[in-house]
Amino acid sequence: MTLAAVTAITAIALQTKHPQLMLALPVVCVVLGWTYLVNDEKISAIGRYIRTELASRLPSDTNTGHRAFGWETFHRSDAKRGSRKVTQTIVDLTTFLITPLTALIVFWCYGPGNALLITTSIVEAAGLAGLGVQILRYAER
């Protein structure tokens, strides 16, 4: 969805030669990025709940010695998990932070000097910075 939004907004801004339309991109990326983070956190919270609450309440399977919900610990013990988390964080930052910051830079270089639009762009930059901090905080978990 983010790729489609980025493509559509960029195409419209280029075709109409109105760089101020690039100001839509940070808003879209903050909304979609925040939605992604919230959904990811909810999924992680479900996993934590299963690992810490449900799994401890169920007895081990007597035939195999495995606990119910073994997936919740098994997939976290993969040796490549750390590199996947780093890669995912880079992808998230690129998608939801670097791309809209690039749009702001384009606006700042080629957009009209309208005070309201410049103020809007500064507020959007602050919103992107906040989203970037949240992406990094969630990545630490």
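The model is predicted, so local features are reported only where pLDDT is at least 70 and side-chain atom pairs only at pLDDT 80 or more, while totals for chains, interfaces and linings use all residues. Residues are numbered from 1 along each chain as its sequence is written, and side-chain values use heavy atoms, with hydrogens and water left out.

Let's start with the overall layout. The protein chain has 5 helices and 0 strands, where helices (H or I, at least four residues) and strands (E, at least two) are DSSP runs numbered from the N terminus. Written along the sequence, that gives the pattern α-α-α-α-α. Of the 141 residues in the protein chain, 26% are buried; buried means under 20% relative accessible area, exposed means over 50%, and partly exposed is in between (1.4 Å probe, protein chains only). Contacts, meaning heavy atoms within 4.5 Å, were also sorted by how far apart the partners sit in sequence. Among contacts in the protein chain between residues at least 6 apart, 62% join residues at least 24 apart.

Next comes the inside. A nonpolar core is a set of buried Ala, Val, Leu, Ile, Met, Phe, Trp, Tyr and Cys residues joined through side-chain atoms within 4.5 Å. The largest one has 13 residues, and the members that touch the most other members are Leu37, Phe96, Leu104, Leu131 and Ile135. Helix H2 (24-57), H4 and H5 each put at least two residues into this core. There is also a second, separate core of 7 residues, with Val6, Leu25, Cys29 and Ala103 among them. As for Phe96, leaving aside residues up to four places away in sequence, its contacts are Thr2, Cys29, Leu32, Gly33, Tyr36, Leu128, Leu131 and Ile135.

With a relative accessibility of 7%, Ala13 counts as buried. Not counting residues up to four places away in sequence, Ala13 touches His18, Leu21 and Met22. Leu23 sits 10 residues from Ala13 in sequence, and their C-alpha atoms are 9.7 Å apart in space. Then there is Lys17, in the loop between H1 and H2. Lys17 has a phi near 55 degrees, which is a positive value in a residue other than glycine. Lys17 counts as exposed, with 72% relative accessibility.

Now for the charged side chains. The structure holds 2 salt bridges, a salt bridge being a side-chain nitrogen of Lys or Arg within 4 Å of a carboxyl oxygen of Asp or Glu. One pairs Arg48 with Glu41, and the closest N and O atoms are 2.6 Å apart. Here Arg48 is partly exposed at 32% relative accessibility, whereas Glu41 is buried at 15%. Glu41 belongs to helix H2. Tyr138 is 97 residues away from Glu41 along the chain, yet their C-alpha atoms are separated by 7.7 Å. The other salt bridge links Arg84 and Asp78, again with 2.6 Å between the closest N and O atoms. Both ends of this pair count as partly exposed: Arg84 has 42% relative accessibility and Asp78 has 35%.

Glu124, in helix H5, tells another story. Glu124 is buried but has no salt bridge, and the nearest side chain of opposite charge, Arg137, is 22 Å away. (For charges, Lys and Arg count as positive and Asp and Glu as negative; His and the chain ends are not counted.) Setting aside residues up to four places away in sequence, Glu124 touches Leu23, Pro26, Val27 and Leu104.

Last up is the surface. The protein chain exposes about 9200 Å², and carbon and sulfur atoms supply 67% of that area. Accessible areas come from the Shrake-Rupley method with a 1.4 Å probe, and for residues only the protein chains shown count as cover. Ile105, Trp108, Ile118 and Ile122 make a nonpolar surface patch of about 380 Å². Patches are made of residues with over 30% relative accessible area and no salt bridge; like charges are joined within 9 Å, and nonpolar side chains (Val, Leu, Ile, Met, Phe, Trp, Tyr) within 5 Å. Helix H4 (81-110) and helix H5 (115-140) each supply at least two residues of the nonpolar patch.
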